[in-house]
Amino acid sequence: QVQLVESGGGLVQPGGSLRLSCAASGSRFIINTMAWYRQAPGKERELVAIASSGGNTNYADSVKGRFTISRDNAKNTVYLQMNNVKPEDTAVYYCYAHFGNAYWGQGIQVTVSS
């Protein structure tokens with residue numbers, strides 16, 4: 001059973017930076033797909049960025065050029081570097097992993113406000 005634990009959220013000012021981390025435990029193997037989703041109040045959960053163990057990445061148009069997803073395969077950890085954040089980035093961010101089944105983290109709040 002894979003468990004995902006997120007960290008690094010909080011309050012950040014517009015234009016600032018934040019780094020989210022998600023560590024997966026419970027797997028002896030490299031998890032193929034890991035990603036970040038987010039859900040803002042009153043909105044549906046949306047994909048932010050996704051990364052394969054082979055290094056392929058993809059981003060939502062709204063974060064391209066500002067966010068970077070990266071992985072440490074040896075640790076089954078995925079990161080999301082968020083730069084030049086905007087108020088519309090405010091949401092609960094969820095870590096996602098696919099390893100046979102789909103697994104979700106508990107979610108972490110990111111608030112962008114002055």
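## Contacts of Met34

Contact here means heavy atoms within 4.5 Å. The model is predicted. Met34 touches Leu4, Cys22, Ala24, Ile50, Ala51, Ile69, Arg71, Asn76, Val78, Cys95, Tyr96 and Ala97, leaving aside residues up to four places away in sequence. Both cysteines on that list, Cys22 and Cys95, are buried.

Strand β4 spans residues 33-39. Six of its seven residues are buried, so the rest of the structure largely encloses β4.

β4 pairs with two strands. With β5 (residues 46-52) the pairing is antiparallel, over six bridges. With β9 (residues 91-99) it is antiparallel too, over seven bridges. Arg38 takes part in both pairings: Glu46 stands opposite in β5, and Tyr93 is the bridge partner in β9. The β4-β5 hairpin has six residues between the strands. There, Gly42 adopts a positive phi near 80 degrees.

## Nonpolar core

The largest nonpolar core has 31 residues. Leu4, Leu20, Met34, Trp36, Leu80, Met82 and Tyr93 touch the most other members. At least two core residues come from each of β3 (18-25), β4, β5, β7 (67-72), β8 (77-82), β9 and β11 (108-112). In soluble globular proteins, nonpolar side chains tend to be buried together.

## Disulfide

How many disulfides are there? The count is one. The bond joins Cys22 to Cys95, with S to S at 2.0 Å. Cys22 lies in strand β3 and Cys95 in strand β9, 73 residues apart, so distant parts of the chain are linked. The torsion about the S-S bond is about -85 degrees, which means the disulfide is left-handed.

Note on methods. Residues numbered from 1 in each chain as written. Predicted model: local features only at pLDDT ≥ 70, side-chain atom pairs only at ≥ 80, totals over all residues. Heavy atoms only, no water. Buried < 20%, exposed > 50% of the residue type's maximum accessible area, 1.4 Å probe, protein only. Helix = DSSP H or I, 4+ residues; strand = E, 2+ residues; numbered from the N terminus. Pairing = 2+ DSSP bridges. Core = buried A, V, L, I, M, F, W, Y, C linked by side-chain atoms within 4.5 Å. Disulfide = S-S within 2.5 Å.
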